[in-house]
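Please examine the sequence and the structure shown here before reading on.

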Amino acid sequence: MVAQVTLADIDVVRVSLATVTDLYRQSVVPALQRQPGYRGAYGLATPEGKAMVVTFWETEQDAQAHVASGVYDEQVEKFVTFYRAAPGRETYEVMIADIPALLTR
């Protein structure tokens with residue numbers, strides 16, 4: 001399994017983290033779920049707008065195919081007016097997974 005990590009800096013003066021989170025849940029998650037090899041995601045943010053999204057993929061080929069298909073760029077484009085700077089992306093091999101129990105909202 002691999003993780004694709006996207007780091008972003010959200011301009012919280014112009015948009016709330018709740019708005020960004022809602023858009024991600026309503027638009028990006030369904031698009032990800034249609035991608036071959038997609039296994040889930042975590043989104044993390046600070047109150048200042050530093051954000052990290054970690055998507056999990058069965059193989060590195062699945063993660064790269066997601067990017068090559070244009071779906072990644074299409075989803076990032078939905079947030080372009082919310083960024084203070086262009087987001088960055090890296091891919092990692094998952095070495096440890098200890099999944100926490102989360103409270104749902």
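D22 is partly exposed, with 37% relative accessible area; the term covers values between buried (under 20%) and exposed (over 50%), for a 1.4 Å probe and protein chains only. Its salt-bridge partner is R25, with the closest N and O atoms 3.9 Å apart. A salt bridge here requires a side-chain nitrogen of Lys or Arg within 4 Å of a carboxyl oxygen of Asp or Glu. R25 is likewise partly exposed, at 47%. Because R25 and D22 lie three residues apart in helix 1 (residues 17–33), about one helical turn separates them. Helices (H or I, at least four residues) and strands (E, at least two) are DSSP runs numbered from the N terminus.

The model is predicted: local features need pLDDT of at least 70 and side-chain atom pairs pLDDT 80 or more, while totals for chains, interfaces and linings use all residues. Residues are numbered from 1 along each chain as its sequence is written, and side-chain values use heavy atoms, without hydrogens and water.

Four salt bridges are counted by this rule; among them are the following.

| Pair | Closest N and O atoms |
|---|---|
| R14 and D11 | 2.9 Å |
| R25 and D22 | 3.9 Å |
| R39 and E58 | 2.9 Å |

The pair R39 and E58 links distant parts of the chain, 19 residues apart: R39 belongs to strand 2 (residues 38–45), and E58 to the loop between strand 3 (50–57) and helix 2 (60–68). R39 is partly exposed at 47% relative accessibility, and E58 is partly exposed at 38%.

In the remaining tabulated pair, R14 counts as exposed at 53% relative accessibility, whereas D11 counts as buried at 15%.
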